[in-house]
Amino acid sequence: MQFHHHGYVSGEPRVLPAEGTGLNRPTDLPDETDVLIVGSGPAGMLLAAQLSRYPSVTTRIIERRPGRLAIGQADGIQARSVETFQAFGFAERIVAEAFQLSAMNFWSPDPNNHGSIIRTAIAEDDPHGISEFPHLIVNQARVLDYFAEYAANGPARIHPDFGYEFVTLSVEEGEYPVTVTLKHTDGEKVGQEQIIKAKYVVGCDGARSAVRESIGRKLVGDQAFHAWGVMDVLANTDFPDIRTKCAIQSTHGSILLIPREGGFLFRMYVDLGEVPADNNGEIRKTTIEQIIAKANEILHPYTVDVKDVPWHSVYEVGHRVTDKFDDVYDEERTPRVFIAGDACHTHSAKAGQGMNVSMQDGFNLGWKLGQVLEGRSPESLLATYSSERQVIAQNLIDFDKEWSTLMAKKPEEFENPDDLAEFYTTTAEFPAGFMTQYEPSMITSGAAQQQLATGFPLGKRFKSVMTTRVADANPIHIGHHHRADGRWRVYAFADGTTGQSPKLDAWAEWMNTSPESPIARFTPAGADKDAVFDVKAVYPTRYEDVDLTAVPRLFFPQVGPFQLDDHEKVYAVSPDADIFAERGIDRGGVVVVVRPDHYVAHILPLDDATTELATFFAGLMIDQ
């Protein structure tokens with residue numbers, strides 16, 4: 001964490017100085033706003049947190065509830081999400097309070113006594129080291145609290161406006177083309193309607209999204225006609241793996257067991273069986289007593305004695321996704337209304353993907369809205385949101401169909417009793433959130449030279465590696481410095497095998513002084529030199545071999561009102577991990593460009609990166 005560059009900070013350094021729209025922010029909803037976010041779930045709160053770093057943008061987020069969410073329905077946090085939490089500065093704190101998944105156990109009928117279950121397999125949660133971050137279980141409400149804190153502490157000082165329900169909208173012309181009708185759900189004005197105009201609206205209002213309905217989008221898909229009871233419980237039990245994630249299959253049905261944070265609470269997804277097509281929702285009337293009884297039947301010879309039930313529900317598995325995540329049908333204009341999260345994809349809860357994918361929707365869209373509204377990028381950038389995220393949602397639906405079908409199978413229907421465990425381990429990268437790979441577009445180059453950095457696949461998230469920061473010899477996971485601040489990351493991997501890097505020196509001189517460089521063209525006048533591009537050098541040697549006095553000035557940008565030199569841009573290989581070897585980086589010198597949402601956008605040879613780099617950014621940014 002860097003601070004003090006604006007003057008001495010004696011308090012909480014995570015509270016950034018208020019700027020722009022964060023100064024004297026109106027308590028009541030204004031008549032006009034740049035962005036109106038509908039719904040304060042995972043997608044909406046991350047979106048608000050991201051936009052809090054854009055103080056020139058007026059952002060409001062409305063929620064029909066009268067206050068914060070107390071108990072969330074989602075609880076599984078994949079490693080990719082923890083990487084995202086790191087970008088928002090709270091990964092360490094939430095990891096400390098969460099339950100960390102390190103294994104998953106599998107239970108099946110005892111071959112000698114089919115009425116009882118026995119443990120048949122133990123699977124390590126991340127045997128391949130997909131991420132340095134753990135797989136977590138933590139209440140969704142706590143995740144929202146952390147994003148709310150970040151949004152409130154950002155320069156734009158964004159707070160949810162509780163007690164407002166979205167009614168409908170219309171899109172016309174003008175500076176604020178979206179007219180939104182809201183209804184008060186709390187306070188003295190309950191039942192009264194209010195009109196607000198916006199430049200952009202984002203519907204993060206769940207599976208029954210009114211925003212989605214208002215733009216004519218529909219969830220399309222099928223229903224599995226299989227029901228599950230889910231309950232968070234405090235209980236005593238003789239089941240030995242109660243504090244380990246388990247897939248339990250018996251002749252009486254299945255259970256997915258999820259230990260929760262705090263050491264005592266756990267969640268059970270309890271198989272309620274097939275649902276006739278003419279059931280008309282009757283299965284949803286299943287009582288908690290019936291769910292508990294079914295759980296005990298499946299767990300035999302073990303029992304669970306429930307003491308308290310903080311939350312429970314019954315749901316039927318459905319797999320649906322909209323064909324597009326915005327309001328554009330004819331491609332004759334850029335989007336004005338977007339949908340995110342459950343508003344555009346629904347699926348079972350057992351793959352633990354709902355909250356995670358929803359947050360990535362918000363992360364993908366947030367920086368794009370900020371860049372466009374600040375005048376840094378053209379409106380055409382916004383069309384990439386739907387084209388990128390709809391494909392990911394469809395991949396999720398396909399994966400979840402397979403996983404939920406396997407979970408619902410009867411033991412005798414498996415050809416091999418190890419099939420469920422094998423599927424879990426062989427597909428680990430997908431539920432961990434690392435199979436996302438964006439196709440070539442204006443923000444992901446199709447002409448990159450992948451062979452120069454094979455360990456940074458184009459379109460996939462930048463996978464961090466341990467390095468050494470040269471200035472202070474500190475071991476640093478280099479990707480952990482990616483912040484949700486809207487900046488592009490540009491990594492210059494130096495040529496040669498020593499601290500002398502002539503190609504790097506020449507490229508850095510161009511980046512720092514040429515009027516054609518992205519820094520010169522796209523950094524606003526008066527802004528810090530690294531306000532738009534966070535450029536770092538990585539040398540292929542130990543830190544002791546790098547002479548900081550010979551490192552180009554580009555890597556010591558002067559920042560803040562005192563224009564202080566930043567000493568945290570120069571890195572070397574770690575004694576325990578050579579990033580060049582770990583990520584297949586050509587030692588002739590490579591430039592790797594990473595998007596603000598941490599996905600690899602371009603890969604270029606260091607000695608031929610100037611023209612192509614200038615062309616790439618000219619296609620997605622506006623001269624300042």
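Biologist: How much area is buried between domain 2 and domain 3?

Modeller: About 330 Å², with carbon and sulfur atoms giving 41% of that. Buried area here is the accessible area, taken with a 1.4 Å probe, that two parts lose on being put together, summed over both. This is a predicted model, in which local features need pLDDT of at least 70 and side-chain atom pairs count only at pLDDT 80 or more, while totals for chains, interfaces and linings use all residues. Residues are numbered from 1 along each chain as its sequence is written, and side-chain values use heavy atoms, with hydrogens and water left out.

Biologist: Which residues of domain 2 lose the most area to domain 3?

Modeller: Ile130, Glu132 and Phe133, which together make up 85% of what the domain 2 side buries. In terms of contact (heavy atoms within 4.5 Å), five residues of domain 2 meet five residues of domain 3.

Biologist: How many salt bridges cross the interface of domain 2 and domain 3?

Modeller: Zero by the rule, which asks for a side-chain nitrogen of Lys or Arg within 4 Å of a carboxyl oxygen of Asp or Glu. The centres of domain 2 and domain 3, taken over C-alpha atoms, are separated by 46 Å.

Biologist: Where are the domain bounds?

Modeller: Domain 1 is 20–71 + 140–219 + 321–427, domain 2 is 98–138 + 222–319, and domain 3 is 450–619. Those bounds come from an automatic or database domain assignment.

Biologist: Back to salt bridges. How many does the structure hold?

Modeller: 46. One of them joins the side chains of Glu63 and Arg65, at 3.4 Å from N to O.

Biologist: Is Glu63 buried or exposed?

Modeller: Glu63 counts as buried because its relative accessible area is 9%. The cut-offs are under 20% for buried, over 50% for exposed and partly exposed in between, with a 1.4 Å probe and protein chains only. Arg65, at 25%, is therefore partly exposed.

Biologist: And which residue does Glu175 pair with?

Modeller: Lys199, with the closest N and O atoms 3.9 Å apart. This pair links distant parts of the chain, 24 residues apart: Glu175 sits in the loop between β9 (164–171) and β10 (178–184), and Lys199 in strand β11 (residues 193–203). Glu175 is exposed at 54% relative accessibility, whereas Lys199 is buried at 18%.

Biologist: What about Lys324 and Asp326, buried or exposed?

Modeller: Lys324 is buried at 19%, and Asp326 is buried at 1%. A further group, Asp485, Arg487, Arg489, Asp530, Asp534, Lys536, Asp566 and Lys569, is joined into one network by salt bridges that share partners.

Biologist: Switching to helices. Which residues of α10 are buried?

Modeller: Leu504, Trp507, Ala508, Trp510 and Met511. They lie on the same side of α10 because they cover an arc of only 160° around the axis, the arc being that of the directions from the helix axis to the C-beta atoms. In general, an α-helix has 3.6 residues a turn, so residues three or four places apart point the same way.

Biologist: What covers those buried residues of α10?

Modeller: The cover includes β21 (488–493), α11 (518–522), β22 (533–539), β26 (590–594) and α13 (610–618). Helices are DSSP runs of H or I with at least four residues, strands are E runs of at least two, and both are numbered from the N terminus.

Biologist: How far apart are the end C-alpha atoms of α10?

Modeller: 17 Å, which agrees with the 16 Å that its twelve residues (502–513) should span at 1.5 Å a residue. The expected span is 1.5 Å times one less than the number of residues.

Biologist: Now α2. How many of its residues are buried?

Modeller: Nine of nine. Among them is Arg80, which counts as buried because its relative accessibility is 1%.

Biologist: What do the buried residues of α2 pack against?

Modeller: α1 (42–51), β3 (76–77), α3 (91–97), β7 (135–137), α4 (140–153) and α7 (354–373).

Biologist: Which residue just after α2 takes a positive phi?

Modeller: Gly89, at about 85°.
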